[in-house]
Each structure stands twice: as structure tokens, then as C-alpha cells.
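Keep the picture beside you as you read.

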Amino acid sequence: MKYFVSFLILIQSSFYFSQNILPNKSTANELNDEAVYTYKNNYNSRSSSVITTQPVGNLRTMAEWEEVQAICITWTGYKSILAKIVEEAQTECEVIILCNNVNSAQNELTNYGVSLTNVNFISTNYNSIWMRDYGGNTVYKDYVDSLILVDWIYNRNRPFDNNSPGVIGNLKGIPVYEMSQPGTDLVHTGGNFMADGFGTGFSSELVDDENSSSGNFNLTNKTPAEIDQLMDDWMGIDTYIKMPVLPFDDIHHIDMHMKLLNEETLLVGEFPLNVSDGPQIEMNIQYIQDNFTSVYGTPYKIIRIPMVPSSSGGYPNGSWSGPSYRTYANNLIVNKKVLVPTYRTQYDTTGLRILREAMPGYEVIGIDCDNSGANIIGSGGAIHCITKAIGASDPLLISHQELSNTTDNINPHYVEALIMHSSGISNATLHYKSSTDSTFLTLNMTNISANQWAADIPAQTLGSSIEYYISAVSNSGKSQVRPLTAPLGHFQFSILNFVGTADLNADFGRVFPNPSRGLTCIEINNSKGFKGSLELFDMLGKKIATIHEGNFIKGDRKYFIDLSSHEKGAYLLVLTNQSFVKTSTIFKN
């Protein structure tokens, strides 16, 4: 059996090399002892200068929805997909292309019908297409000042790829801080990391494994706590959420099933009940909800998006020759566009619709990653895996927690935002309109303390829906809006009047135990599926908690809330979407 497995690995490796395409996962040749030894002893062989001492300053790792100045790719393999990325991304920012021959790359892109109006080429050596995993990470000193790139040791034996952040940093004049020295070495991969822009990071426990005694490329062994400290010291990640790896995902990169859409919303891939990695994903989400909150101190909102089966109906099963990990979470946010891998129309229509609803105002563009000429998903990745963003050099940061639906039609609605720029903020404006207004009205926001700005939307009538966004201008003259797609994209909340309709297609089932002292199960009986929210209010109409927000999948589902920290008394469970409201009473004793 051992020889048969080795034979299969050899065939697999030979296939990839014959195609001049390295898969996302390591090949057998890359893991032999001699190759690993050579790779580890050449971390300091650089064609460009990097800094190997810890950066100093109040560090903040950029979130993916922030403004970007450039998208980086490597021009090799799957070029029809890369060409589509270049075509779409260059209307939003610069595209930096690593290639082995500039003239050839330019000619090939031109032959794909792509203009080269905002493209910069670097002639350099490389090993693979997986730029997400080996590209440098955007970090700001002092939150919005002094852009740097922080680089890890690539967790693949691909030395040219490992060198690329220094090459890109040299081109852009951005300092590159490299974690490659004994004691501060960190083996990591971009596909297994995401950040909220305010000190919270997410990864699978792969990062712990690869920096322990079982790692292949680490210079020193580290405990999970030591890894957490390195991420804090070098990237400002002071809350590092690490989840168990999935049993059937052989690369263990979270970007194959999960993505932060904003500071408090997680897009999560959903398998059919009890299929493939579905159970472990659900346990991981429950772990997050039970132990962590968003930067606003509230539970993360979960939006679920279907995972796509193979053409024969299969899902990943742990076999290298089994179905691929077809996911919509592996998308790229590039300023006002979202580039999404697509697979087959019958599933793509649902996946793209969910993203458009979750990210209003963004231009959501599908790129085929599963046809015979561009089956990149069969190599273990898609759009996110082959791209890496560099943040704006002069960011104007706006962060705001979207107001929730409420029953309050008497009091004004308080809007507060964190707004920062290196030169300071000159002014900030709140733009709002109700469903009866034809244009946005404006209110000057007041600087209430440090970087906090606020304004009140006047009281609104029952049943109304309010759209709003925030704009700001720095002392240096830079302007920015949030959401980044405003005014087409905007925040929104409604004034609920608790009036339902006759054909709801969804209702409360059992709520138990009731009365409750702690963990409570809420059943939702749902015949069609819908997008909405399940929230907890006190009897005065004040929202206490969001239990679930996003897609409610067809069928009877259970949702949970822990009431142990709430005061005794009666509470209202409110199930809503745009066409109905249902309520149920729960008691805390």
C-alpha cells in the first residue's frame, strides 16, 4: 500500500510539473529532506533588501474591504483567468504583474483583449501562481500612517515566491519587514489569514502546526501563545482566533470557506447537512460565537453561501483525486468590485445573488474557474488565492457599526463613527434618506472625542426604511466614504411595526427551555428560505442581541442564545425580513 500511495503522488507531481503549474499544496519533491534543508538555509538570499527586525509603532493590519492602491499577480498558468482579473482590477487600482518576460506578458494580455492602462510589470523569477499565500501583508504604523509590508516564510518550498514581497516592495518604495530570523521566524500563508482592520485575525490551527516541532520550514519551535505574541508584535493582531483544521480540506486555508465582509460579518460556505466539512465548519463558527465578539462588542453576523458540488454531485472527501473545494468565499474585494469564482450556472446564480445582497453597491463579477480550459479550482484555489492587495499609502479610515432595526419611532437615531487620517479630519458628514425621500439629506457630524464623530438621524415613522452613509475630508484634502461604494451602496435600518402578512412561509417552532436561565434553543420552521434577521428585544423595544442575520436556509433549523448574563424578565424574539415580522416571547428566570 505504501508503494502504491507513493506511485500516486509521483503521478500527481508529474502532472503538475508537465503543465508548468504548481498546485496550491506542496508536491512530494518539495518536501524531500535535501530540498527542505536548502530552502531553510536560503531565507536570507534576497535580490532586494528587507528588514528583519520588528517594526516599531502602533501597528494595524489592513482589512480587505479597505481602499487598495494595487493588486499583485504572477503571470503563469491559468492565464485566461489572470487576464480577466487584470481587465477588471485595473479600473479600480494599479495591477502589478510578476513575469519572466515583460514583452511576452504584454503581448499575451493584449491578445486576450486586455488594455494595459494601469498595469506595471516586474521581470523576476517565480515558482507558482499563488500570490495570496506568499505576498506581503499590508500593515500601517500608527493606524493610518507609514505603510509597510510584513512578510512571513512561505509554507511551501518555493524560494522565488518567498522573495517576491521584497521585489514588490522595492518597486513601490514600501519597506518590507520579513519574519525570517531564528526566534522571530514565522511560517504562514496568506490564504490562511484574514483580519478585521482593528486587531482581530482569523486562521486555522495550521499556523500552530507549521511552527511547532512538526513544521517543515520553521527555524525555531513555538507554542500557540508565542505565535500569538509574534502576530501582535509584528502586525498588531492582539486577538488571534484560530480554529481546528477541516478534515477534508487538504491545504487548511480558511479562505476556501470563509471571508470577512466587514468588521462584524462573516461569509461562510455551507455544505448540505452533515456532508463533507460542513460539521466542522459549524463547530468552528459556534466556537467563534461562544468566545469572541466583533470590534463593536457584538456577536458576528453570519451569512451562509452554498458550497458547490462536482458535476457528478460529490463534495470534498479527503481524497486527492476527489471533488475539488468549489467555493464562492474565495473572492477578491478590490475597492468597488468583487471578483468571484464561478462554476456552473445553476449554482452561480444563487452564489452571486447572495454576495450582491450582502455587499450592496459593489459590482460583483463572476470569473469561471471550473471549465476545461481554466480549471484552477482543481489545483486547490481560485480568485483570492492568486491575488494580493497593497493598501492605500494615504488611507482615510472610516469604521461604523450599521444601525439595527428598531421599534423606536419617537427618538432620533444616533450614528457614531471612527474616522482617522494621518493629517487629521477636517469635517465629516452623515447622508441619509427615508423610503419617502428622493435624495439624500445631509447632517454635519460632530467630533465628540479623539477620532469619534457623531450625528443624529431625526425620528422616523413606523414602517419606514432609512438608508445612510458617511463621508469625511482630511485636513490634507483627501475625501472618503463608507461604505466604499456609497451612495449606491449604503447602510440601512428599518422602523418595525410588528405587522405580519398572511403567507409568511416562516415561523417560530419550539423555544426551549422557556423560561430559561442560560442556553436557549430557538427553532425556525421555514418552508422556502429567505434573508432576514432573528433578534432579541426587551419589552421597551430596545435591541438586546442579534442571534442570526443573513440567509435562513430552507428547512427546520435551530438557533441558540445564552441568556445567562441578561436580567430576569420577558423578552421578545423578532424574526424579520423585508416583507414580514414574526414575534415570540421568551422569559429569563
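## Before we start

A residue is called buried when its relative accessible area is under 20%, exposed when that area is over 50%, and partly exposed in between, using a 1.4 Å probe and protein chains only. This is a predicted model, where local features need pLDDT of at least 70 and side-chain atom pairs count only at pLDDT 80 or more, while totals for chains, interfaces and linings use all residues. Residues are numbered from 1 along each chain as its sequence is written, and side-chain values use heavy atoms, with hydrogens and water left out.

## Ala389

Is Ala389 buried or exposed? Ala389 counts as buried because its relative accessibility is 12%. You'll find Ala389 in strand β19, residues 388-391. (Helices, H or I with at least four residues, and strands, E with at least two, are DSSP runs numbered from the N terminus.)

Skip the neighbours within four places in sequence, and Ala389 still has contacts (heavy atoms within 4.5 Å) with Met62, Val68, Ala70, Ile71, Arg132, Gly136 and Thr138. Thr265 sits 124 residues from Ala389 along the chain, and their C-alpha atoms are 20 Å apart.

## A three-strand sheet

Now for the sheet: it's open, has mixed pairing, and runs in the order β16-β17-β18. Strands pair if DSSP finds at least two bridges between them. β16 (332-334) and β18 (363-368) are at the edges with a single partner strand each, so one side of each has no neighbour in the sheet.

β16 and β17 (residues 337-342) run antiparallel, joined by three bridges. Here Leu332 faces Leu339 of β17.
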